[in-house]
Amino acid sequence: MKSVNVRNMEIAFGETRVLKDVCFDVEPGECFGLVGESGSGKSTVLRCLSLLLSVWGGEVKIGGTSVRDMATPERCRTLQMVFQDPYGSLHPRHSVRTTLSESLIVNRLDNHQERMEQVLTDVGLPIDFLDRYPHQLSGGQRQRVAIARALILEPDVLLLDEPTSALDVSVQAEILNLLARLRAEKGFTYIMVSHDLAVVDHMCERFAVMQAGRIVEILPREAIPGNGATDPYARELIGASLEYERAV
Amino acid sequence: MTMTDASQRPARETVKRVPQSLIALRNILTFLLKSPTSAFGLLVLAVLLSGAALAPLLATHDPYAQDLQSALQAPSMAHFFGTDELGRDIYSRILYGSRITLTFITLVSVIVGPIGLLVGTVAGYFGGRIDTVLMRITDIFLSFPSLILSLAFVAALGPSLNNAIIAISLTAWPPIARLARAETLTFRSADYIAAARLQGASSGRIIWRSIVPMCLPSVLIRLTLNMATVILTAAGLGFLGLGAQPPLPEWGAMIATGRRYMIDSWWTVTFPGLAILCVSLAFNLLGDGLRDALDPKQMNRR
C-alpha cells in the first residue's frame, strides 16, 4: 500500500490554466474521490498523475518517491488507470489475450498464462474470454477487461477515471462492487474521478470538490448526507445532488 | 488436474487461432464475390496470376523466338493474337508479360506500403516538429507529377526494369503516407493508446502493435487502387522506352513498338492495350470492393 501526495499541481493548455495549485494527500489503502462539474479538471489531475501529460508544474509523490523520478517500468508497476469509456479503451483489433499479454511482455514478466488466468478470475470473467475480441463483449465485460489490464501489473495505486459513467445502472453496481472487493483483497489505493456523488458516497472515504481547476474543499464521506460542506460551491454541488436523488 | 489443463491449453490455442485469420479471409472473399464488379476484379486477378504461373504451359510459342517469315500475321488459330513485326507470337508475349507486370506491382507495393506506413504513422503519432519535417518532405514528392518524376529518376539511373520499379516507388509512397498519417491522427488520442503508454510500451511498440493494425485496412485498399496507376505508369515508361528493355515482353513496350504498324496491323497494339485495360480496371474494382469489405464499421459483423 502506498500513499499519494500531490503538491501544487498546475497545468496550462495555451492560455487557459486548467489546474491551479492542486494539493491533496491520499492515505495508503484509501479511496479518494474527485468530484466536480464537467471541465473542472478532474480527469486532467489523473492524466498528470500518470504522466500521460508530462508538462506540468508541481510534484506528485507515490509512497514517498516522485513520479518523475521513477523509471517507466517502475511507474507502470506502481500506478495504473481505468478509463471512462470501455468502448474506447480496448484496442478493437486486439483480443483479450493480446491486451493482457502486452503488459507482461513489455514489463518482462513470466508465467503469462497463469497471470492472465488469475487476473481474469479476479475480475470475475471466465478464462475462455481470453480469445474474445472487444466487439464480442458487453460494456460491463469490457470494463472488467480494462480493470484486468490495470491489475495484471499488480500496481499499488489505481486511478479510476469515471469507471462506471458509461455503463448501465445495474452494471455500474457490479463494477463498483468489484472495485470495492479488489481493494479489500489487495489493498489498493484508489483515486476516483466521478461526477456522481452517490458513487463517491458508496466508494470513497474522503473526496475533494473541484471547481475551475481548483480544489475548493476536501470532505469526508459523512459530509454528504447532511451537506456538511462549508465552501459555498461545494454546498451547492452536494445540495443539487441530494435534491436530484430525492427527485429520482 | 490443473497440470493437464495447463498443458492442453497451448495446443488448443494454436489450433483455434490460425483459423481466426483464415475465417476473416474467407469472409472477405465471399463478400467480394457477392458484388459482380469486385468478383470481376478477383476473376481477372486470378487469370493474371494463373497466366503468369502457367505461362510456359499455356504459351503456344517461345515469346522471344523471331520468325520473319510470319511477321505481322493477323490473329488465327496458329497465332491467337497474331504476330508482331519480328514474327513473335503476341499471345505468348502477353502471357509472359503478365509476369513482368506482376513483378512490377508486387515490388512497388512491397516497397511503397511499408515506407508510406512508417512515415505516416511516425509523423502522426509524434506530431510536432517530426510531423512537420516528414510531411514537408512528403509534400515535395507530391508536388511533382508522378510520371515526370519517374522519368527524371529513370533518366538519371538509366532505363531498366529495376530502375523503373524504384522510380515508381519513389513517387507512389506520399499518398500512402498522407493516408496513414490522417488515420493515425484519429487514433492517437484514443484511450487504448493512453492505456498502452501506461503499460510501459515504447513509442515504436505502440506504433507497430496498436496504430499500424488500425491503419492497415485503408492502406491496403489504397495500395490496391494504386496498383492500377502503377500498371499504367509502368506501361507509360515502357512505351517511352524507359522501362523494360527489348526484347522483354512488357505490355507498354509492346504497344510502343506495335504503334508503327498500327494502321495496317491493329492487333499489335490492341491486345497488349486490352491486357493493360483489363488488369488496371480489375485492380480498381477490387480496391472498391475491398473498401466495402474492410470498412471498420462493418467489421463488427465478422
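UniProt positions are given here in the numbering used for this model, feature names are shortened, and annotations may be inferred rather than shown by experiment. With that in mind, I looked up chain A and noted that the unreviewed UniProt entry annotates residues 4-237 of chain A as "domain: ABC transporter".

**Entry 1. Conventions.** I recorded that this is a predicted model, in which local features need pLDDT of at least 70, side-chain atom pairs count only at pLDDT 80 or more, and totals for chains, interfaces and linings use all residues. Residues are numbered from 1 along each chain as its sequence is written, while chains are lettered from A and ligands numbered from 1 in the order in which they are written.

**Entry 2. The annotated span of chain A.** I found residues 4-237 of chain A to be 35% helix and 26% strand, with end C-alpha atoms 26 Å apart. Helices (H or I, at least four residues) and strands (E, at least two) are DSSP runs, numbered from the N terminus.

**Entry 3. Strand pairing in chain A.** I count two strands as paired if DSSP finds at least two bridges between them. Strand 1 (residues 4-13) of chain A pairs with strand 4 (residues 57-62) of chain A over five bridges, in the antiparallel sense. There, A:Arg7 stands opposite A:Glu59 of strand 4. Strand 4 of chain A also pairs with strand 5 (residues 65-66) of chain A, antiparallel, over two bridges. In this second pairing A:Ile62 faces A:Thr65 of strand 5. Two residues lie between the strands of this hairpin, and A:Gly63 takes a positive phi near 55°.

**Entry 4. Helix 5 of chain A.** I checked the length of helix 5 (residues 139-151) of chain A: its 13 residues should span 18 Å at 1.5 Å a residue, and its end C-alpha atoms are 18 Å apart, which agrees. The expected span is 1.5 Å times one less than the number of residues. Next I looked at burial; a residue is buried if 20 or more other C-beta atoms, placed from the backbone, lie within 10 Å of its own, exposed if 12 or fewer, and partly exposed in between. In helix 5 of chain A, 11 of the 13 residues are buried, so the helix is largely enclosed by the rest of the structure. Among the buried residues are A:Arg142, A:Arg144 and A:Ala148. Their cover includes helix 3 and helix 6 (169-186) of chain A, and also helix 8 (191-198) of chain B.

**Entry 5. The nonpolar core.** I define a nonpolar core as a set of buried Ala, Val, Leu, Ile, Met, Phe, Trp, Tyr and Cys residues joined through C-beta atoms within 7 Å. The largest has 140 residues, and those with the most contacts inside it include A:Ala148, A:Ile191 and B:Val230. Helix 9 (residues 203-239) of chain B gives this core its largest share, 17 residues. Two residues are in contact if their C-beta atoms, placed from the backbone, lie within 7 Å. Beyond its neighbours within four places in sequence, A:Ile191 touches residues including A:Val4, A:Phe32 and A:Leu159.

**Entry 6. Chain B.** I counted 12 helices and zero strands in chain B. Of its 302 residues, 40% are buried. The unreviewed UniProt entry marks "transmembrane region" at several spans of chain B, including residues 39-59 and 102-127. Residues 39-59 of chain B are 90% helix, with end C-alpha atoms 26 Å apart; residues 102-127 of chain B are 96% helix, with ends 36 Å apart.

**Entry 7. The contact between the chains.** I noted that 22 residues from chain A and 19 residues from chain B take part.
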